[in-house]
Amino acid sequence: MTTFDPQLLKAYFVCGSQDVPAGQFVPTVKAALAAGITAFQFRDKGQRSQLTEEERVATAITLRNLCADAGVPFIVDDDVELAQMTKADGIHVGQSDEKIQAVIQAVGGQMFIGLSCSNQAEILAANAIDGIDYYGSGPVFPTGSKADADPVIGLAGLKQLVGLSTRPIVGIGGITVTDLPDVIKAGAAGSAVISMIAASSDIAITVGAMLDA
Ligand code: TZP
Ligand code: MG
């Protein structure tokens, strides 16, 4: 079990098969790991997923092992069973996913726990719950990667949530290379990104910019 360290939020790659061209999920994550990402979240979901349920589990195991070899925490989005099955280092849930209290009951102490919080009320409610390690807040900017994304909060909104939070926050949503320093200036511990890495023409340079921000 990897203990939680806020530094792992610095260059946080979120990805599923729906985010990359056919057959490119594992190679893209491999390239991101080689480039030095500090965390990987397995988030394979929705109608655009290219995987069957069986392939999804097999791919999760493959990526779990690649992360372990690289010494990078493997985090599962929104699936307690898959997180337990893969002995994930962490799980990330949204406000509308499996209820956070049930997730803490199920896997608290076994893995670290992240919760999406996109407004003041959600941050304040989450602060009062023991057993959460970090918050993911956004979308900071408009995103094309999540159909049901919450309203954009902007850098000012991110800064406000950081001010209210008792826990480290990773910014998410529409973050591009030029935004990275601003996300850190707003007080976030790092950036969580899909397309910045998944659609990058040079993953080593992109991840390098995340680490340097
Ligand atoms: N949660 C809030 S925005 C988002 C998620 C999963 C999508 C982030 O993707 P991108 O491509 O970095 O905007
Ligand atoms: Mg979710």
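**Helix packing and an annotated site**

In this predicted model, helices α1 and α9 sit oblique to each other, since their axes cross at roughly 50 degrees and angles between the roughly parallel (under 35 degrees) and roughly perpendicular (65 to 115) ranges count as oblique. The pair is made up of residues 25–35 for α1 and 203–212 for α9, with the two axes coming within 9 Å. As for handedness, the crossing of α1 past α9 is right-handed. On the α1 side, the contact involves A31, A32 and A35, and these meet I203, A204, V207 and G208 of α9. Sorted by class, that contact comes out as six nonpolar residues and one polar, with no charged ones.

Turning to the annotated site, an unreviewed UniProt entry carries a "binding site" annotation, which takes in Q41, F42, R43, D44 and K45, along with D77, S116 and K146.

R43 lies in the loop that links β2 (39–42) to α2 (53–70). It counts as buried because 23 C-beta neighbours fall inside 10 Å, where the cut-off is 20 or more. Leaving aside residues up to four places away in sequence, R43 touches V14, C15 and G16, and also D77.

D77, for its part, belongs to strand β3, which spans residues 74–77. With 22 C-beta neighbours inside 10 Å, D77 is buried too.

Conventions. Residues numbered from 1 in each chain as written. Chains lettered and ligands numbered in written order. Predicted model: local features only at pLDDT ≥ 70, side-chain atom pairs only at ≥ 80, totals over all residues. Axes fitted to C-alpha atoms, helices over the stretch in contact; angles between N-to-C directions. Helix = DSSP H or I, 4+ residues; strand = E, 2+ residues; numbered from the N terminus. Parallel < 35°, antiparallel > 145°, perpendicular 65-115°, else oblique. Left-handed = near helix turned anticlockwise from the far one by under 90°. Contact = placed C-beta atoms within 7 Å. Nonpolar A, V, L, I, M, F, W, Y, C, P; charged D, E, K, R; others polar. UniProt positions renumbered as here; feature names shortened; annotations may be inferred. Buried ≥ 20, exposed ≤ 12 C-beta atoms within 10 Å, placed from the backbone.
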